Amino acid sequence: MSLALFTDHPASVGESYVQHMGSASAFGGRMILAGLACMLHGLLPFLFVRTGRQAIELLHDRMVVNRHRNPGGAAGKVARRSPTNAPA
C-alpha cells in the first residue's frame with residue numbers, strides 16, 4: 001500500500017496522519033454520544049431536549065465554519081484554520 005493513501009487527505013486539511021486520526025476520533029465519539037442522547041430523547045422526550053442540535057452546531061462550526069481553502073493544495077481541498085493561517 002502507498003503511504004499517500006494515509007497522508008494525502010490529512011495533509012489536504014492541514015493535519016498529520018496522527019492529528020487527523022485524533023480529530024476524526026473526537027468527531028466520531030461526539031457523534032455517537034449525541035446519537036445515543038437523541039435515541040434516549042425519543043424514548044423520554046423530557047431528556048436531552050437540545051443535545052442533538054447543539055452537537056450538530058458544534059461539529060459544523062469546527063468542521064465547516066472554521067476552515068478555509070488551502071491555497072497550496074489541490075483544487076477543492078480544504079484546510080483547517082489555525083492561529084498562524086487564519087485571516088486577519
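The expected span of a helix is 1.5 Å multiplied by one less than its number of residues. In this predicted model, helix α3 has 15 residues, and the distance from its first C-alpha to its last is 20 Å, close to the expected 21 Å.

## Overall arrangement

The protein holds 3 helices and 2 strands. Read from the N terminus, these elements follow the order α-α-α-β-β. Of its 88 residues, 17% count as buried. The protein exposes about 6,600 Å², and carbon and sulfur atoms supply 67% of this area.

## Helix α3 and its buried face

Which residues of α3 are buried? They are Gly52, Ala55 and Leu59. Seen down the axis of α3, these buried residues fall within an arc of 65°, so they line one face of the helix. The element against which they pack is α2.

Leu59, in helix α3, may be considered in detail. Its relative accessibility is 12%, and residues under 20% count as buried, so Leu59 belongs to the buried class. When residues up to four places away in sequence are not counted, Leu59 touches Phe27, Arg30 and Met31. Leu59 and Arg30 are 29 residues apart along the chain, yet their C-alpha atoms are separated by 8.4 Å.

How many aromatic pairs does the structure hold? It holds 1 aromatic pair. The partners are Phe6 and Tyr17, with 5.9 Å from centre to centre and 80° between the planes, an edge-to-face arrangement. Phe6 lies in helix α1 (residues 4-12) and Tyr17 in helix α2, so the pair ties together parts that are 11 residues apart in sequence. Both partners are partly exposed: Phe6 has a relative accessible area of 37%, and Tyr17 has a relative accessibility of 39%.

Helix α1 also contains Ser12. Is Ser12 buried or exposed? Ser12 is buried, because its relative accessible area is 9%. A polar atom of the Ser12 side chain lies 2.6 Å from the backbone oxygen of His9.

Phe48 is found in the loop between α2 (17-43) and α3 (51-65). What is the phi of Phe48? The angle is near 50°, a positive value in a residue other than glycine. Most residues other than glycine have a negative phi. Phe48 counts as partly exposed, because its relative accessibility is 38%.

## Accessibility of the residues discussed

The table gathers the relative accessibility of individual residues described above.

| Residue | Relative accessibility | Class |
|---|---|---|
| Phe6 | 37% | partly exposed |
| Ser12 | 9% | buried |
| Tyr17 | 39% | partly exposed |
| Phe48 | 38% | partly exposed |
| Leu59 | 12% | buried |

Why do Ser12 and Leu59 fall in the class that they do? The cut-off for buried is under 20% relative accessible area. Ser12 has 9% and Leu59 has 12%, so both count as buried. Partly exposed residues lie between that cut-off and the limit of over 50% that marks exposed residues. Phe6 with 37%, Tyr17 with 39% and Phe48 with 38% are therefore partly exposed.

Key:
Residues are numbered from 1 along each chain as its sequence is written. This is a predicted model: local features need pLDDT of at least 70, side-chain atom pairs count only at pLDDT 80 or more; totals for chains, interfaces and linings use all residues. Side-chain values use heavy atoms; hydrogens and water are left out. Helices (H or I, at least four residues) and strands (E, at least two) are DSSP runs, numbered from the N terminus. Buried means under 20% relative accessible area, exposed over 50%, partly exposed in between (1.4 Å probe, protein chains only). The arc is that of the directions from the helix axis to the C-beta atoms. Contact means heavy atoms within 4.5 Å. Rings of Phe, Tyr and Trp (its six-membered ring) pair if their centres lie within 6.5 Å; planes under 30 degrees apart count as stacked, over 60 as edge-to-face and the rest as tilted. A polar contact is a pair of N or O atoms within 3.5 Å; within protein, one must be able to donate a hydrogen and the other to accept it, and residues adjacent in sequence count only if both atoms are side-chain atoms. Accessible areas come from the Shrake-Rupley method with a 1.4 Å probe; for residues, only the protein chains shown count as cover.
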